Amino acid sequence: MPSFNFDIGEKDRVGSRFLSDVRDELQRALATEKARRKITQQQIAEKLETSRAVINRQLMGLENLGIKRVAEILWAIGWEPHFEARRIPTGENQHPAVQYPVNSVKASASTTNSVVTVVTRAAA
């Protein structure tokens, strides 16, 4: 039986991990609200003016789930999305950002040493 070994590279790995983290956080928020308020996919679909089948496919990972839809689903269940990006610490990125001449830089960036985090909070 043939086997395959793939190296998807740092860029794809980071992107995939982030998408997985977002989906995990969305699933956690949904599980919390299902336990707390017994909210259903049908109720979410009605609030978003779509079908339960669409919501089900998106939540099951069978259909692409864009950032806007993540925010809409969280809104529908009474949660607020929160996104935060942080600079990768020096020496930990195999492909550091392109360095531009100082006189061409028009914006500044934070120098916080951490990684991207995604947090959702229940609406007050």
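This is a predicted model: local features need pLDDT of at least 70, side-chain atom pairs count only at pLDDT 80 or more; totals for chains, interfaces and linings use all residues.
Modeller: Residues are numbered from 1 along each chain as its sequence is written, and side-chain values use heavy atoms, leaving out hydrogens and water.

Colleague: How many helices and strands does the protein chain have?

Modeller: Four helices and two strands. Along the sequence they run α-α-α-α-β-β. Helices (H or I, at least four residues) and strands (E, at least two) are DSSP runs, numbered from the N terminus.

Colleague: Why is F6 called exposed?

Modeller: Exposed means over 50% relative accessible area, buried under 20%, and partly exposed in between (1.4 Å probe, protein chains only). F6 has 67%, so F6 counts as exposed. F6 lies in the segment before α1 (9-37).

Colleague: Which residues of helix α3 are buried?

Modeller: In α3 (residues 52-59), they are V54, I55, Q58 and L59.

Colleague: How do you know that the buried residues of α3 line one face?

Modeller: Seen down the axis of α3, they fall within an arc of 125°, so they line one face of the helix. The arc is that of the directions from the helix axis to the C-beta atoms. An α-helix has 3.6 residues a turn, so residues three or four places apart point the same way.

Colleague: What do the buried residues of α3 pack against?

Modeller: Against α1, α2 (41-47) and α4 (67-76). Contact here means heavy atoms within 4.5 Å. After α3 comes G61, with a positive phi near 80°.
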